[in-house]
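Visitor: I am new to this structure. Could you show me how to read it, one feature at a time?

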Amino acid sequence: MAERVPFVAGNWKMNFGPAMASQFALALRPQLEALTSRVEIALCPPFISIPAVGQALDGSSIRVGAQDAYYEDSGAFTGEVAAAQLAGLCDYVIIGHSERRQYFGETDVEVFLKAKAVLAHGLRAIVCVGERLPERDAGRTAAVIRGQLWSGLGGLEVSEFERVVVAYEPVWAIGTGRAATPEQAQEVAGLVREELQRMFGPVSRKTRIQYGGSVNQANCATFFRLPDIDGALVGGASLKEQEFVVIVQSCAQVAAGV
Ligand code: PEP
């Protein structure tokens, strides 16, 4: 854990237009800024609010992230936003979130193309993997996660992979209030790290693996203490100012060995 700076990202999903997003980021800024020496922090608003949040956080160490990006640089792709267009506006891009896979039919091939484009434009990628409940119940969790890792990341160069964060998000835990147990989270995060080691070698020791799925102020520390978990991707709880601050504080305390 010592060789990895933990990373907490708030996925605001389809919430907060520019004015609200700016107000929220300004309220969080002084509370989070002091924690950035121990924890990397990113706020991920909807596309339309990225410039406003970028402005609210200008000059701070808090990062801005997008929730998706398209892999073509420009052209007739109505409604899409290119990784190329996000360069300079944000630092991170979430790729392959289960809501994109589930509701918008995003495939592992697209996850790869998007990750490649994001990295090619100098951004960092948070690549999400996770099994659905029937897959877990059928004992297929390890196979599903390995498959998502190989098809989503297997074609990257090591130099590109160095800018990837992996978020383990069991689909059945997202937005359900039913988080994974620490044992389940560690088992899969350990498997992710082992597989990344096979794919990319020793550099994978430095890869941050976040846990995501109903993280809240009450359960977050149990995840932050796990050997292969280096922070969290937080959805619902990242929309509540005090709760998100407590989650990041908790991560900072665990990193400090408190
Ligand atoms: C997410 O959107 O990535 C997520 C983990 O959501 P929640 O924390 O609400 O489960």
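Guide: Start with Glu194. In this predicted model, Glu194 is partly exposed, with a relative accessible area of 46%.

Visitor: Which residue forms a salt bridge with Glu194?

Guide: The general idea comes first. Side chains of opposite charge can pair when their charged atoms come close. Here the partner of Glu194 is Arg198, and the closest N and O atoms are 3.7 Å apart. Both residues sit in helix 9, four residues apart, about one turn of the helix. Arg198 counts as exposed, at 53% relative accessibility.

Visitor: How many salt bridges does the structure hold?

Guide: The structure holds 19 salt bridges. One of them joins the side chains of Glu3 and Arg205, at 4.0 Å from N to O. Glu3 lies in the segment before strand 1, and Arg205 in the loop between helix 9 and strand 7, so this pair ties together parts that are 202 residues apart in sequence. Glu3 is partly exposed, at 46% relative accessible area. Arg205 is partly exposed as well, at 44%.

Visitor: Which parts does the pair of Lys116 and Glu160 tie together?

Guide: Take the contact itself first. Lys116 and Glu160 form a salt bridge, with their closest N and O atoms 2.9 Å apart. Lys116 belongs to helix 5 and Glu160 to helix 8, so the pair ties together parts that are 44 residues apart in sequence. Now read the accessibility. Lys116 counts as partly exposed, at 26%. Glu160 counts as buried, at 12%, because the cut-off for buried is under 20% relative accessible area.

Visitor: Which residues are linked in a network of salt bridges?

Guide: Arg4, Arg193, Asp228 and Asp230 are linked in such a network.

Visitor: What is the nearest side chain of opposite charge to Glu169, and how far away is it?

Guide: That side chain is Lys13, 6.9 Å away. Glu169 is buried yet has no salt bridge. Look for Glu169 in the loop between strand 6 and helix 9. The side chain of Glu169 does make a polar contact, at 3.4 Å, with the side chain of His97. Setting aside neighbours within four places in sequence, Glu169 is in contact with several residues, including Cys128, Val129, Ile174 and Leu233.

Visitor: Is Glu106 buried or exposed?

Guide: Glu106 is buried, with a relative accessible area of 7%. Its place is in the loop between helix 4 and helix 5. The side chain of Glu106 reaches the backbone nitrogen of Gly96 at 3.3 Å. Not counting residues up to four places away in sequence, Glu106 touches Asp68, Gly96, Arg100, Arg101, Val111 and Lys114.

Visitor: Now the backbone. What is phi of Lys13 near?

Guide: The general rule is this. Most residues other than glycine have a negative phi. Phi of Lys13 is near 50°, a positive value in a residue other than glycine. Lys13 is found in the loop between strand 1 and helix 1. Phe16 also lies in the loop between strand 1 and helix 1. Phe16 is not a glycine, yet its phi is positive, about 75°. Phe16 counts as buried, at 19% relative accessibility.

Visitor: On to strands. Which residues of strand 2 lie on one side, and which on the other?

Guide: Think of the pattern first. In a regular strand the side chains alternate between the two faces of the sheet. In strand 2, Glu40, Ala42 and Cys44 are on one side, and Ile41 and Leu43 are on the other. Both faces are covered. Five of the five residues of strand 2 are buried, so this strand is largely enclosed by the rest of the structure.

Visitor: In which sense do strand 1 and strand 2 pair?

Guide: They pair in the parallel sense, over five bridges. Ala9 stands opposite Ala42 in strand 2. On to strand 3. Strand 2 and strand 3 run parallel and are joined by two bridges. The bridge partner of Ala42 in strand 3 is Arg63.

Visitor: What path does the chain take from strand 2 to strand 3?

Guide: The chain crosses through helix 2, and this β-α-β crossover is right-handed. Strand 1, helix 1 and strand 2 also make a right-handed β-α-β unit.

Terms used:
Residues numbered from 1 in each chain as written. Predicted model: local features only at pLDDT ≥ 70, side-chain atom pairs only at ≥ 80, totals over all residues. Heavy atoms only, no water. Buried < 20%, exposed > 50% of the residue type's maximum accessible area, 1.4 Å probe, protein only. Pairing = 2+ DSSP bridges. Right-handed = clockwise from strand over helix to strand, strands pointing away. Lys, Arg positive; Asp, Glu negative; His and termini not counted. Polar contact = N/O pair within 3.5 Å; in protein donor to acceptor, adjacent residues only side chain to side chain. Contact = heavy atoms within 4.5 Å.
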